[in-house]
Amino acid sequence: MRHTKVKDLLNSTTTLQEVNAKGWVRTFRNNQFIALNDGSTINNIQCVVDFENTPDETLKRITTGAAVSVIGTLIESKGAGQKYEIQVNKLEILGDSDAEKFPIQPKNKPSLDFLRENAHLRVRTNMFGAIMRVRSVLSFAVHNYFQQKGFVYVNTPIITGSDAEGAGEMFKVTALPFDNTPRTEDGKVNYKEDFFEKETNLTVSGQLEGETYAMALGQIYTFGPTFRAENSNTSRHLAEFWMIEPEVAFNNLDDNMDLAEDFIQYVIKYALDNCQDDLKFLEGRLLDEEKSKPQAERSEMALLEKLNFVLENNFKRVSYTEAIDILRDSTPNKKKKFQYIINEWGADLQSEHERYLVEKHFKCPVILFDYPANIKAFYMRLNDNTEPGRETVRAMDILFPGIGEIVGGSEREERYDVLIEKMKALEIDEEELSWYLDTRRFGSATHAGFGLGFERLVLFVTGMTNIRDVIPFPRTPGNAEF
């Protein structure tokens, strides 16, 4: 008999039918009531066992974590909070779970740290089941948005010879032996003998390759894994994460900001429309967590209210220069409450500054634009008519409450001569990026794009506070388990 998903059983309009459900036992009460979950929904279906006619040996095997199959009659439930239940006629244990050893026990309420250590099993909890279903729906929404708008999905290389960000924090890819690495005459690693015959790394961004495709296909997007060898043990950083990077020919910075705002609002609305049960559960979890915090540290809005707030309000667009003036004159800056004090124009904004602008000053999502050229990447378009020493580029960052930066993007420098000068100033090898420069030599045009860290989006939508809890198997300094 083909089994039916728990979600479909709970949404059924027909009772008194014989059904087969398969899943994992969440709880087993009074030798009679199984709470069965198969991952299709956060909701369990109650399966009522005829314990008087079920062997004791079988009843003892119905433990938390065990995989079971039940065949029985779907009936209206007599209990509160559930529409249907299954009156079990036949029960089969598909996989035992030792109650003494299974680490995810509902009565223990394991900590998030403990669950991270058991990332292979944490998805069996309500919390992580909800997070991963929301992540999946958001991922689909990303593709749905761009496909509906005629964007072409491009798979940019994971192994690359270029450093798009120029930060140098990259994981090297090599097939050379570590115990007998070939060297050149001057003692450097001889990459000519490596697999690709040159130095290669895991990508930090697909942007540069994406630009080349946008200059032929018009509008493209990438959505894939990226890697940063940044030794940062914070709640906002991962060594391996997923990036969404659209690139559009003939778009300027204003078009870019419009696209980013529309895109973010679309995917959040899609999650709200398609993950109601999971988001309500996650909102309740967040409210419980916040009860233990001092009043001043609690969120002003509940999760669903916060998500709807982003949908209902236009993002505030503020120049970097205006933001610096606001921060310099702010109370926490004057009272030296900021860890990084803002004294002058040109400072690189930190998370505490970004969150102040969003959460305290404007109280809505903020798009900062026109940043100082010397704190941004080489490929960003230099603004015309900027005063010497205060040159700015057509860059933008989108800042969200609780997160800080969620999107970074820019109008690209399409002028060959200007781009060459910027690369020389930063000592970027022209030969190494000659393929990239070809897009400026042959049919150059204004174009713009942005990158959105997918995990930060999932973090915001789920209300979680640590980025390690919104990706199945987090990769951080000192942690590459599973």
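How many salt bridges does the structure hold? The count comes to 28 salt bridges, a salt bridge being a side-chain nitrogen of Lys or Arg within 4 Å of a carboxyl oxygen of Asp or Glu. This is a predicted model, where local features need pLDDT of at least 70 and side-chain atom pairs count only at pLDDT 80 or more, while totals for chains, interfaces and linings use all residues. Residues are numbered from 1 along each chain as its sequence is written, and side-chain values use heavy atoms, with hydrogens and water left out.

Take Glu414 and Arg381, whose salt bridge brings the closest N and O atoms to 2.9 Å apart. Glu414 lies in the loop between strand S15 (404-411) and helix H12 (416-425), and Arg381 in the loop between strand S13 (366-372) and strand S14 (392-400), so this pair ties together parts that are 33 residues apart in sequence. Helices (H or I, at least four residues) and strands (E, at least two) are DSSP runs, numbered from the N terminus. Glu414 and Arg381 are both buried; buried means under 20% relative accessible area, exposed over 50%, and partly exposed in between (1.4 Å probe, protein chains only).

Arg441 and Asp438 also meet in a salt bridge, at 2.5 Å from N to O. Both sit in helix H13 (residues 434-441), 3 residues apart, which is about one turn of the helix. Arg441 is partly exposed, with a relative accessible area of 38%, and Asp438 is partly exposed at 31%. Elsewhere, salt bridges that share partners join Asp370, Arg381, Asp384, Arg394, Glu411, Glu413, Glu414 and Arg415 into one network.

Now for the rings. A pair of aromatic rings is described by the distance of the centres and the angle of the planes. Rings of Phe, Tyr and Trp (its six-membered ring) pair if their centres lie within 6.5 Å; planes under 30 degrees apart count as stacked, over 60 as edge-to-face and the rest as tilted. This rule gives 22 aromatic pairs. In one of them, Tyr145 and Tyr266 have ring centres 5.3 Å apart and planes at 55°, so the pair is tilted. Tyr145 belongs to helix H4 (residues 126-148) and Tyr266 to helix H6 (residues 253-274), so the pair ties together parts that are 121 residues apart in sequence. Tyr145 counts as buried at 3% relative accessibility, whereas Tyr266, at 22%, counts as partly exposed.

For Phe338 and Tyr356, the ring centres are 5.9 Å apart and the planes stand at 85°, so this pair is edge-to-face. Phe338 counts as buried at 7% relative accessibility, and Tyr356 counts as buried at 16%.

Buried residues in H7 are Asp278, Leu279, Leu282, Glu283, Arg285, Leu286 and Glu290. Seen down the axis, they fall within an arc of 160°, so they line one face of the helix; the arc is that of the directions from the helix axis to the C-beta atoms. On the other side of H7, Lys280 and Asp288 are exposed.
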